[in-house]
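Dear colleague,

I am passing on a structure that I have been going through, and it is placed directly below. My notes on helix packing and backbone geometry follow it, and I would be glad if you could read them alongside the coordinates.

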Amino acid sequence: MNLAAIVVFTISVTASLPAQVFVDQVGYLPKAQKLVLVAGASDSFYVHKVNNSETVFRGKLNLWKTNDPSTAMTLYLGDFTGLETRDEYFIRAGAFDSYRFMIADSVYFNAYKKSLKGFYFQRCGSDLLQVHAGEYAHSRCHIGDGFYHTSTDTNGFVLARGGWHDAGDYGKYVVNAGISVATLLMAYEYFTQQFNQDNLNLPESGNGVPDLLDEARYEIEWLLTMQHSHGGVHHKLTSEQFSGFVMPQHHTGLRYLYEISSTATADFAAVMARAARVYQPFDADFAQTCLAAAEKAWQFLLNNPFIVPFPDGFKNPTGTATGEYGDGDDSDERLWAAAELFAATGDESYQTTFSLFAESLGLIDRAMSWPDVKTMAHLTFLLGAPASTDQNLRDRIYHSLLDYCEELLRIRGASGFHVLIEPGEYYWGSNSIALNKAIVLILGYQLAKKPSYYDAALDQFHYVLGANAHNMSFVTGIGSNSPRHPHHRPSVADGVEAPVPGLLVGGPNQYLNDPELRARFDASTPPALTYVDDVDSYASNEIAINWNAPLVLVAGFFASFDIATGVRDYKSEIPETFRLYQNYPNPFPRRGSAWADNPSTTIAFDLYRSGFTTLKIYDVLGREIATLVAESLTAGSHARVFESAQLASGVYFYELQAGGFRKHRRMLLLR
Ligand code: 9MR
Ligand code: 9MR
Ligand code: ZN
């Protein structure tokens, strides 16, 4: 870089950054770490209450980064972790004030709720009613979905309505649907307690099924329609060209199902296998449908061992210009399908395939993204593995996860804004890169209980909510300064001034993949500054379901708090993998019961994660009497009846093992 270039960019940086005190515009959990970043020298910072401007906290600012590689900024760091009082504040440093923010236990609940609702606003093929959608209500769209495109070997029409619009456009793409649904289901599977609300004002709220699962099912039902009778799955359903900036119900004209691809088919298999596990306690028939669809897709993959279409995967045919989600390597998708099918069925053949692909692809060394689902596969094998799991491979995956978390801590330390996006990594959708890494850290934290993983994951959430060089929350409708002009057709066409809320924009894109970015920036622009809140910048300011899904998981994870006490002390939280209840009745049988000749008692337990589970009965000498469970079970409530016709009176034990933990309880048989 020559001197002139340096001078020019220094000027443009200062000119485009009027505000200099960077905070999370939503706020902070009372007990969590709280950092403020300031650009420009100042000795101290002052935290003020919003209502009366009273100063409640004063802290020192320390030089943190000189010429930060991603932003070219010099940043000072202050720490106000000690301020735990629930209230609304802003921070003053020198001549600058930050945006306002809250300190509260439930501070992220609204962001969680809105980001999940963001999926509802993407629904295709059904009316969005005013009672659920408010001013964003509109009538149903794309009810003619869809016809087989001439580039396929099929003719005619198949009913494939529903699902979500992918992004700012109205297309529906299976590959991207796959990772998005899986991320939402993962949130529920691993953090069942945090994601079980049934009152978030969706059309299905109150139906006894968590809203998150209702929303995900809306997409899954559509995905099922994309499967060909031979098991392969059509890559996408779109018009030939992108529509204009009209409401979806005004986007008429034919839409088509395109060719089968093996990346779409494998992602489909993975999601359906996962859905089979997750929906089992709510709707066993639906779970069965999903599993059958997954197995059929798998069969297609076995019959087509090379990538479909060969040799480079899906490409738009001539005359079509909608999104491609092209990916020339389907081995990570096959790995993922194998992992999910193994977790769902325990069938050894899936494990064999999984290990084979794992050997060539390696273990956890990056986060997941739409073209690269390796880490999704490994997380499933690690956390949802059934009995027959290769423990050695499982241990290696576990260690690779923790090693990678350590690497993420190093990356955090090198970044001015503590963000896990390295210079060079500000790709299209960079905000989702930070959030997917946050997910990896959250799971690392759950397993290893290292608070620095928790803190670093939370930093990523702070980054998208305002602690970034743009001093912007990247989620529409959240925070004081958020995108007003996302590349999102309904937000432009609906006549409502504010964009549809709860949607995460892609964020800085140093590769300048649209004319708007190229008009404003060039190769000398620091990578993290390549963002503009302009409707034409689809490569930095579009929204997309695969970016919102990790937002939902991260927001929901941090939003959870103990409703009973209103207090949340995350550092002392030991996540349980299950809860084992006292058998009932106990002692058993109940006196005077008609069943005294065939004494039975019920043992109930809740699993907070799916996985291989055993429930066994022992006598006082530790001899095994009976096995009530030895299988892979889905997260949720379970119960087994123990019949003890042959046994003598006395004390017995029952022991539950799941997710690497075991617990036993006593019971008393009195004949
Ligand atoms: O609106 C489209 C957006 O959803 C895509 O991500 C993007 C890249 O494929 O393309 C957008 O459509 C633009 C097209 O590519 C070029 N002409 C202008 C279109 C609208 O801005
Ligand atoms: O998110 C996708 C990004 O990784 C790709 O680089 C880009 C160009 O192929 O496409 C993005 O996905 C867009 C899709 O093709 C069409 N709908 C909008 C998506 C988000 O911009
Ligand atoms: Zn639609």
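**Helix packing and backbone notes**

Helix 10 (residues 374-383) packs against helix 11 (residues 391-414) at an angle of about 125 degrees, and their axes are 9 Å apart. Helices (H or I, at least four residues) and strands (E, at least two) are DSSP runs, numbered from the N terminus, while axes are lines fitted to C-alpha atoms, for helices over the stretch in contact, with angles running from 0 to 180 degrees between N-to-C directions. Helix 10 and helix 11 are therefore oblique to each other, given that angles under 35 degrees count as roughly parallel, over 145 as roughly antiparallel, 65 to 115 as roughly perpendicular and the rest as oblique. Their crossing is left-handed, a term used if the near helix is turned anticlockwise from the far one by less than a right angle, with clockwise being right-handed. The contact (heavy atoms within 4.5 Å) is made by His-378, Leu-379, Phe-381 and Leu-382 of helix 10 together with Leu-393, Arg-394, Ile-397, Tyr-398 and Leu-401 of helix 11. Its residues divide into 7 nonpolar, 1 polar and 1 charged, where Ala, Val, Leu, Ile, Met, Phe, Trp, Tyr, Cys and Pro count as nonpolar, Asp, Glu, Lys and Arg as charged, and the others, Gly among them, as polar.

Before going on, please note that this is a predicted model, in which local features need pLDDT of at least 70 and side-chain atom pairs count only at pLDDT 80 or more, whereas totals for chains, interfaces and linings use all residues. Residues are numbered from 1 along each chain as its sequence is written, chains are lettered from A and ligands numbered from 1 in the order in which they are written, and side-chain values use heavy atoms, with hydrogens and water left out.

A second pair is formed by helix 12 (residues 430-448) and helix 17 (residues 545-559), whose axes come within 9 Å and cross at roughly 40 degrees. Helix 12 and helix 17 are therefore oblique to each other, and the crossing of the two is left-handed. On the side of helix 12 the residues in contact include Leu-435, Ile-439 and Ile-442, and on the side of helix 17 they include Trp-547, Leu-551 and Phe-558. The residues of this contact divide into 11 nonpolar, 4 polar and no charged.

The 15 residues of helix 8 (residues 331-345) should span 21 Å, and the end C-alpha atoms are 21 Å apart, which agrees; the expected span is 1.5 Å times one less than the number of residues. In helix 6 (residues 262-279), 18 of 18 residues are buried.

As to the backbone, most residues other than glycine have a negative phi, and most peptide bonds are trans. The bond joining Asp-145 and Gly-146 is cis, with omega about -10 degrees, and the bond from Val-308 to Pro-309 is also cis, with omega near -10 degrees. Ser-53 has a positive phi, near 60 degrees, and is partly exposed, with a relative accessible area of 41%.

With best regards

Conventions:
Buried means under 20% relative accessible area, exposed over 50%, partly exposed in between (1.4 Å probe, protein chains only).
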